[in-house]
Amino acid sequence: MSKKTVFTVIAAALVGAVIGACVCAAILNNNGGVKFPNASMEVGSFPELKEQLAELEGAVVTDLEGIEHGEAAQKYTVLLDGRTRKAKPNGYTVMAESNDESCMIRCCRTQEGHGPFGPGENNTEYNGVFIKNASNESGERANCALEFSVGGFDYRLAKSGDKAGFDSEAAYEQLFEKAQSIIDAAKVGK
């Protein structure tokens, strides 16, 4: 057998293996459901959000109660760990938005985020958990945000508004109180 024939056989085998792997991957990735690139779905109410997250052990499911957000409407989103609506949830987002301000609580498994924090200039310790102050200003907007990890989940609480009328100290106090309640609930297993 010539070198050219051997090379052709090897090349054909490699091309066949690559095509076969692609076909297998496509079959395995198709769970029989509709694909959603953003890997999330909206629900109509907070009770529906809690129902969708019933199997999400370890997460503290909470709404915006205690965080003043005016007359802003709330929106509830379930984050998914796969690409279909049949996938198990890995967290949630609760949002409220109006013309001049917005509030958000976001929770997801730590492998999706940054994991636990430690001591630092912008970090405050509460009940053994470090809470990072990730506040900033951009253009005409001011944003107060707290991030922490507890019970295998990352949480981000944020409130933002027009820089001219935004009370960042009040926002921080509201968010910190909500963060404390989430941490306390996680420490006692909800």
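1. Buried here means under 20% relative accessible area. Tyrosine 155, with a relative accessible area of 1%, is therefore buried. Keep in mind that this is a predicted model, and that goes for everything below.

2. Now for the partner of that tyrosine. Phenylalanine 148 and tyrosine 155 make an aromatic pair of the stacked kind, with 5.2 Å from centre to centre and 15 degrees between the planes. Phenylalanine 148 comes out at 0% relative accessibility, so this residue counts as buried as well.

3. How many aromatic pairs does a search of the whole structure find? The search turns up four. One of them brings together the rings of phenylalanine 46 and tyrosine 76: the centres are 6.0 Å apart and the planes sit at 55 degrees, so the pair is tilted. This pair links distant parts of the chain, as phenylalanine 46 belongs to helix 2 (residues 46-52) and tyrosine 76 to strand 2 (residues 73-80), 30 residues apart. Both phenylalanine 46 and tyrosine 76 are buried.

4. There is also a cluster to look at on screen. Tyr126, Tyr172 and Phe176 are linked into it by ring pairs.

5. On to the charged side chains. The salt-bridge count comes to two. In one of them, lysine 163 meets glutamate 137 through their side chains, at 3.7 Å from N to O. The cut-off is 4 Å. Here too distant parts of the chain are linked: lysine 163 lies in the loop between strand 9 (153-162) and helix 3 (168-187), while glutamate 137 is in strand 7 (residues 136-138), 26 residues apart.

6. Glutamate 137, at 56% relative accessibility, counts as exposed.

7. The other bridge joins arginine 156 to glutamate 147, and the closest N and O atoms are 2.3 Å apart. Arginine 156 is partly exposed because its relative accessible area is 23%. Glutamate 147 counts as buried, at 12% relative accessibility.

8. Putting two of these points side by side: phenylalanine 148 pairs with tyrosine 155 in a stacked arrangement, and glutamate 147 forms a salt bridge with arginine 156.

Notes. Residues are numbered from 1 along each chain as its sequence is written. This is a predicted model: local features need pLDDT of at least 70, side-chain atom pairs count only at pLDDT 80 or more; totals for chains, interfaces and linings use all residues. Side-chain values use heavy atoms; hydrogens and water are left out. Rings of Phe, Tyr and Trp (its six-membered ring) pair if their centres lie within 6.5 Å; planes under 30 degrees apart count as stacked, over 60 as edge-to-face and the rest as tilted. Helices (H or I, at least four residues) and strands (E, at least two) are DSSP runs, numbered from the N terminus. Buried means under 20% relative accessible area, exposed over 50%, partly exposed in between (1.4 Å probe, protein chains only).
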